[in-house]
Amino acid sequence: LGYAVRDPIRGLDSFAAFEEVLALAKRHKCDMVLFAGDLFHENKPSRRTLHKTMTIIRKYCMGSNPVQIQIVSNQEQNFKRSLHGRVNYEDEFYSVDLPIFAI
């Protein structure tokens with residue numbers, strides 16, 4: 001996300017593509033989205049890029065529907081860098097209904 005962000009013609013293309021993928025996932029009631037590759041084009045994305053990304057994720061990934069997948073591996077081992085040592089959709093203070101996993 002954020003490729004050619006300053007280009008007046010193509011600046012929103014990456015966001016439109018990301019939003020289209022998430023909208024289709026939501027419409028088809030996918031259990032999750034598997035994201036392969038880097039989320040951002042730059043290693044230090046602009047504030048505008050971060051804000052636009054968070055807005056899209058909030059719109060399509062947050063909600064009250066229960067997540068239908070289960071992580072069966074040792075979460076304390078695989079998510080040891082996360083704040084609570086488990087996937088965020090299992091956190092009672094989040095309301096995720098379409099999780100995104102990045103590989």
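In helix H1, the buried residues are Ser14, Phe15, Phe18, Leu22 and Ala25. They cover an arc of only 100 degrees around the axis, so they sit on the same side of H1. The model is a predicted one. The opposite face of H1, turned away from the buried side, carries exposed residues: Glu20 and Arg27. What do the buried residues of H1 pack against? Their partners are S1, H2 and S2.

H1 has 15 residues. From first C-alpha to last, H1 reaches 21 Å. That is close to the 21 Å expected at 1.5 Å a residue.

Step back to the whole chain. The secondary structure comes to 3 helices and 2 strands. Read from the N terminus, the order of elements is α-β-α-α-β. The C-alpha trace spans about 45 × 30 × 25 Å along its principal axes. The chain has 103 residues, and 25% of them count as buried.

Now the surface. The chain exposes about 7800 Å². Carbon and sulfur atoms supply 53% of that area. The charged side chains number 14 positive and 12 negative. The centres of the two sets lie 5 Å apart.

Return to the start of the chain. Alanine 4 sits in the segment before helix H1, which covers residues 13-27. Is alanine 4 buried, exposed or partly exposed? Its relative accessibility is 26%, so alanine 4 counts as partly exposed: the partly exposed class lies between the 20% limit for buried and the 50% limit for exposed. The backbone of alanine 4 also deserves a look. Its phi is near 50 degrees, a positive value in a residue other than glycine.

Serine 14 comes next, in helix H1. At 18% relative accessibility, serine 14 counts as buried, because buried means under 20%. Which residues does serine 14 contact, leaving aside its neighbours within four places in sequence? They are Leu1, Gly2 and Tyr3. Take leucine 1 in particular. Leucine 1 and serine 14 are 13 residues apart in sequence. In space, C-alpha to C-alpha, they are 5.2 Å apart.

Further along, valine 21 also lies in helix H1. Valine 21 has a relative accessible area of 45% and is therefore partly exposed. How far does valine 21 lie from methionine 62, C-alpha to C-alpha? The separation is 15 Å. Along the chain, the two residues are 41 residues apart.

H1 is followed by lysine 29. Lysine 29 lies in the loop between H1 and strand S1, which covers residues 33-35. Here too phi is positive in a residue other than glycine: the value for lysine 29 is near 55 degrees. Lysine 29 has a relative accessible area of 71%, so it is exposed. The cut-off for exposed is over 50%.

Move on to helix H2, which covers residues 47-61. H2 has 15 residues. Its first and last C-alpha atoms span 21 Å, close to the 21 Å expected at 1.5 Å a residue. Which residues of H2 are buried? They are Thr49, Thr53, Ile56, Tyr60 and Cys61. Seen down the axis of H2, these buried residues fall within an arc of 95 degrees, so they line one face of the helix. The other side of H2 holds exposed residues: Arg47, His51, Arg58 and Lys59.

What covers the buried face of H2? The cover of its buried residues includes H1 and strand S2, residues 100-102. The view from H1 can be set beside this. The buried residues of H1 pack against H2, along with S1 and S2.

Conventions:
Residues are numbered from 1 along each chain as its sequence is written. This is a predicted model: local features need pLDDT of at least 70, side-chain atom pairs count only at pLDDT 80 or more; totals for chains, interfaces and linings use all residues. Side-chain values use heavy atoms; hydrogens and water are left out. Helices (H or I, at least four residues) and strands (E, at least two) are DSSP runs, numbered from the N terminus. Buried means under 20% relative accessible area, exposed over 50%, partly exposed in between (1.4 Å probe, protein chains only). Accessible areas come from the Shrake-Rupley method with a 1.4 Å probe; for residues, only the protein chains shown count as cover. Lys and Arg count as positive and Asp and Glu as negative; His and the chain ends are not counted. The place of a charge is taken as NZ of Lys, CZ of Arg, CG of Asp or CD of Glu. The expected span of a helix is 1.5 Å times one less than its number of residues. The arc is that of the directions from the helix axis to the C-beta atoms. Contact means heavy atoms within 4.5 Å.
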